[in-house]
Amino acid sequence: QVQLGETGGGLVQAGGSLRLSCTASGRTFSNYAMAWFRQASGKEREFVAAISLSGLSTIYADFVQGRFTISRDNTKNTVNLQMNSLKPEDTALYYCAAGQFARTLKYYDFWGQGTQVTVSS
């Protein structure tokens, strides 16, 4: 089992920035690709970004458009999501996930509880 805990969500104005962090415990962190997903109210959970085991490869959803950066620190068992130029449509509950390096939910076995991001216009 891997336990994941997200922090860093909050309320921010459009154009602002937030940095989400996810800390893992349990099994070896570096054995898993890590990802961020989000779920807006009334919508399905969607992929945001993923990072490979080593951190050398990253993938992003098209809507990120260079605004977000995912990173990981295997010495601290953490993965971060730096979000800049936030838009109201980025408002969602953001989840951290551990699994295989992919864009699809089914490849991720462990999930955090989520952290709320709200962007006001």
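A salt bridge is a side-chain nitrogen of Lys or Arg within 4 Å of a carboxyl oxygen of Asp or Glu. Keep that cut-off in mind. The model shown above is predicted. It holds three salt bridges.

Start with Arg38 and Asp90. Their closest N and O atoms are 2.9 Å apart, and the two residues form a salt bridge. Arg38 lies in strand β4, while Asp90 lies in the loop between β8 (78-83) and β9 (92-99), so this pair ties together parts that are 52 residues apart in sequence. In space, their C-alpha atoms are 8.7 Å apart. Strand β4 itself covers residues 33-39.

Are these two residues buried or exposed? Both Arg38 and Asp90 are buried. Buried means under 20% relative accessible area. Arg38 has 6%, so it counts as buried. Asp90 has a relative accessible area of 1%, and therefore it is buried too.

Arg38 has a further charged partner. Its side chain meets that of Glu46 in a salt bridge, at 2.7 Å from N to O. Glu46 is partly exposed, with a relative accessible area of 32%.

Now turn to the other partner of Asp90. The side chains of Asp90 and Arg67 meet in a salt bridge, again described N to O, at 2.7 Å. This pair links distant parts of the chain. Asp90 sits in the loop between β8 and β9, and Arg67 in the loop between β6 (58-60) and β7 (68-73). They are 23 residues apart. Arg67 is buried, with a relative accessible area of 9%. Which residues do the shared partners join? Arg38, Glu46, Arg67 and Asp90 form one network of salt bridges.

Return to Arg38 for its other neighbours. Leaving aside residues up to four places away in sequence, Arg38 touches several residues, including Glu44, Arg45, Val48, Phe63, Phe68 and Leu93. Tyr94 is also on that list. The side chains of Arg38 and Tyr94 make a polar contact at 3.0 Å.

Tyr94 leads on to the nonpolar core. The largest nonpolar core has 36 residues. Tyr94 is one of those that touch the most other members, along with Leu4, Met34, Trp36, Val79, Leu81 and Met83. Tyr94 touches Trp36, Leu81 and Met83, among others. Beyond four places in sequence, its contacts also include Glu6, Leu20, Phe37, Gly114, Thr115 and Val117.

Definitions and conventions: Residues are numbered from 1 along each chain as its sequence is written. This is a predicted model: local features need pLDDT of at least 70, side-chain atom pairs count only at pLDDT 80 or more; totals for chains, interfaces and linings use all residues. Side-chain values use heavy atoms; hydrogens and water are left out. Helices (H or I, at least four residues) and strands (E, at least two) are DSSP runs, numbered from the N terminus. Contact means heavy atoms within 4.5 Å. A polar contact is a pair of N or O atoms within 3.5 Å; within protein, one must be able to donate a hydrogen and the other to accept it, and residues adjacent in sequence count only if both atoms are side-chain atoms. A nonpolar core is a set of buried Ala, Val, Leu, Ile, Met, Phe, Trp, Tyr and Cys residues joined through side-chain atoms within 4.5 Å. Buried means under 20% relative accessible area, exposed over 50%, partly exposed in between (1.4 Å probe, protein chains only).
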